[in-house]
Structures are given as C-alpha cells and as structure tokens.
Amino acid sequence: MITVKNSALLAALTVAAATIATASGEARQTPASADAIAQLKTKVAQATRMLAAEDIIASSGHVSVRIPGTDRFLIGPADVTRDILTADDVVTSDVNAKKIEGKGPQPLETEIHAGIYRARPDLMSVIHSHPLHSVVFTITGKSILPVSVHGAIFADGVPTFEHVGHINTRELGDGLARTLGSHRAALIKMHGAVIVGASLEEAFVAAIQLEENAEKQLWAEATGKVTPMTPEDAARSVKQSFQASSIQKRWRYYQDKERSGAAGGGK
C-alpha cells in the first residue's frame, strides 16, 4: 500500500472529497421528501444496471444510498437480476441492517452497507462489487497502485479485508468498515470490493475507475516493471479528473450509453 507522505497529494484527495461532499452535506441534515426518495431509488436502480453492463456487478453485488436526514438507506434487493433492476425493486434498510420496507428481501450482505454507514457518517453511497481485475490483487497479495490518471484517487491505498466469504454479520460489517477506514475503496479477499462516496454518482464513478486502474496495472505488470505515479502526479491528476464536473461527465456518459443500448435493442 502507498502511504500518502506528500502534503500536496493529501490536500488534493481531501479537497476533492470536500468539494463533492459540500453539496450533499446540507442535504443530509434535512429529511428527504417522498419525491426525493423516489429519485434516489431511480438512481440506485440505474447505477446497478450500468455497473452490471460494465461487468463490475454481475448476478450479485449492490448499490446503496443513504436517505438524507435519516438512519436509513436504499439498496437493491437480493432477488432481482441486476441488469433489469427498477426503482420499484429497491428496498429500504436501516444502519442496523434491518429491513424497513420494500417488496423483496434485502441482500444477504446488507451488513456491508450498514457497517460502513455506521462508521462513516460523511458517506452517502456504498457500492459492493465483484470486479474481475481488482480482486486478483487479493489473491496475489499485491497492492493496487495509482498507474492511471483516473486511478490517482486511490493513491492513499486500497486495503484488503482478510475475511474470505460473505459479509453477513454485524461483526464482519464492522470489521470491513475498520479496514476501509478513511479510504475510498477496500477489497474483500478472494471476493469483491467496496467503493464509497459523498454521493451516489461519486461512488459509481470511483467503482469504474478502480477497475480501470486495476486492469491497466495487470497489463503493465505483464509487460514489465511497474512504476506508479509520483505523489505530485497523483495530486495533479485528482485535481484535474475528480472534481464534481468530471464525475457528472462520466455519470452522464454511462447514462447515455445505457439509453443508446436500450434504443438499439442491446444490453
């Protein structure tokens, strides 16, 4: 794991998080309206479908978003294929992993989300994915390094939770949250990943960028010695590529891609 010793990099990572969190910080203090909750359900469903289309979430995996002003969050259910998930399928749970409402069962690993929301009140969204390339690093024990501009947001490291198996108890959820700490993402050994954000869009984009960076690193390691970007490079890359406007640009790209696929009859 890379330790952030460079003050410029630490500042860039902090500013990027603070910039995006500012817009959602006040919203967390005001209970969401019914319309706002409905919009969040739509986003949860769409983010899940888009991650499934990118092979980051497959038959399992889930997206959640905290309901502002409450101790509850919205999450995709256990029993609906991720590619076709709709807002009507989304269920509501609380930070004690108790299902509050929804027509289907909540995911087996709801404790992942509950544990992180309990530990990180600054977060508004959690994604549990099963990314092919990122998980390889939990098998070899190697660290994910910042080897791309979009991977710079992980320059402070991507720790691994050493438990092998489902995260389906409060104890395991709390343990994963401790491993995540203040990081943007953590890996679950031989299993998957968790990626977090101050908004659903931020977590979604970070999930894409984690897997992109991991794939590039694996290809690079197959061809020769890998030299990660310097702290100065990472700080500059974060400032240039992970501001609110950059996140919205990537979010819209995947929305447009989904619409285009639906219009063309594709996945």
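A strand here is a DSSP run of E with at least two residues, numbered from the N terminus, and Val 65 is found in one of these, strand β1. The model described here is predicted. Its chain has 8 helices and 8 strands. Of the 267 residues in the chain, 51% are buried.

**The chain as a whole**

- The accessible surface of the chain comes to about 11900 Å². Carbon and sulfur atoms hold 54% of that surface.

- Val 65 counts as buried because its relative accessibility is 3%, and the cut-off for buried is under 20%.
- Leaving aside neighbours within four places in sequence, Val 65 is in contact with Leu 40, Val 44, Phe 73, Leu 74, Tyr 117, Met 124, Ser 125 and Leu 200.
- One of these partners, Val 44, is also among the α2 residues that meet α6. Another, Leu 200, is on the α6 side of that meeting.
- Tyr 117, also in contact with Val 65, is one of the buried residues of α3.
- Val 65 and Ala 198 are 133 residues apart in sequence, yet their C-alpha atoms are 9.5 Å apart in space.

**Helices α2 and α6**

- Two packed helices are described by the angle between their axes and the distance between the axes.
- Helix α2 covers residues 34-53 and helix α6 covers residues 200-223. Their axes are 11 Å apart and meet at an angle of about 5°.
- Angles under 35 degrees count as roughly parallel, so α2 is roughly parallel to α6.
- On the α2 side, the residues that meet α6 are Lys 43, Val 44, Ala 47, Met 50 and Leu 51. On the α6 side they are Leu 200, Glu 201, Phe 204, Ala 207 and Ile 208.
- By class, this contact has 8 nonpolar residues, 2 charged residues and no polar residues.

**Helices α3 and α5**

- Helix α3 (residues 110-119) packs against helix α5 (residues 170-180) at an angle of about 55°, and the axes are 8 Å apart. That angle makes α3 oblique to α5.
- The crossing of α3 and α5 is right-handed.
- From α3, the contact is made by Glu 111, Ile 112, Gly 115, Ile 116, Arg 118 and Ala 119. From α5, it is made by Arg 170, Gly 173, Asp 174, Leu 176, Ala 177 and Leu 180.
- The classes in this contact are 6 nonpolar, 2 polar and 4 charged residues.
- Because 8 of the 10 residues of α3 are buried, α3 is largely enclosed by the rest of the structure. The buried ones are Thr 110, Glu 111, Ile 112, His 113, Ala 114, Gly 115, Ile 116 and Tyr 117.
- In α5, the buried residues are Leu 172, Gly 173, Gly 175, Leu 176, Ala 177 and Leu 180. These buried residues pack against α3, β6 (160-161), β7 (185-188) and β8 (192-197).

**Positive phi angles**

- Most residues other than glycine have a negative phi.
- Asp 55 has a positive phi near 60° and is not a glycine. Asp 55 sits in the loop between α2 and β1 (62-66). At 56% relative accessibility, Asp 55 counts as exposed, because the cut-off for exposed is over 50%.
- Met 190 also has a positive phi, near 55°, and is a residue other than glycine. The place of Met 190 is the loop between β7 and β8. Met 190 counts as partly exposed, with 48% relative accessibility.

**Val 80 in a loop**

- Val 80 lies in the loop between β2 (72-75) and β3 (91-94).
- The relative accessible area of Val 80 is 17%, so Val 80 is buried.
- Not counting residues up to four places away in sequence, Val 80 touches Leu 85 and Asp 89.
- Val 80 and Pro 105 are 25 residues apart in sequence and 9.5 Å apart in space, C-alpha to C-alpha.

Key: Residues are numbered from 1 along each chain as its sequence is written. This is a predicted model: local features need pLDDT of at least 70, side-chain atom pairs count only at pLDDT 80 or more; totals for chains, interfaces and linings use all residues. Side-chain values use heavy atoms; hydrogens and water are left out. Helices (H or I, at least four residues) and strands (E, at least two) are DSSP runs, numbered from the N terminus. Buried means under 20% relative accessible area, exposed over 50%, partly exposed in between (1.4 Å probe, protein chains only). Accessible areas come from the Shrake-Rupley method with a 1.4 Å probe; for residues, only the protein chains shown count as cover. Axes are lines fitted to C-alpha atoms, for helices over the stretch in contact, and angles run from 0 to 180 degrees between N-to-C directions. Angles under 35 degrees count as roughly parallel, over 145 as roughly antiparallel, 65 to 115 as roughly perpendicular and the rest as oblique. A crossing is left-handed if the near helix is turned anticlockwise from the far one by less than a right angle, and right-handed if clockwise. Contact means heavy atoms within 4.5 Å. Ala, Val, Leu, Ile, Met, Phe, Trp, Tyr, Cys and Pro count as nonpolar, Asp, Glu, Lys and Arg as charged, and the others, Gly among them, as polar.
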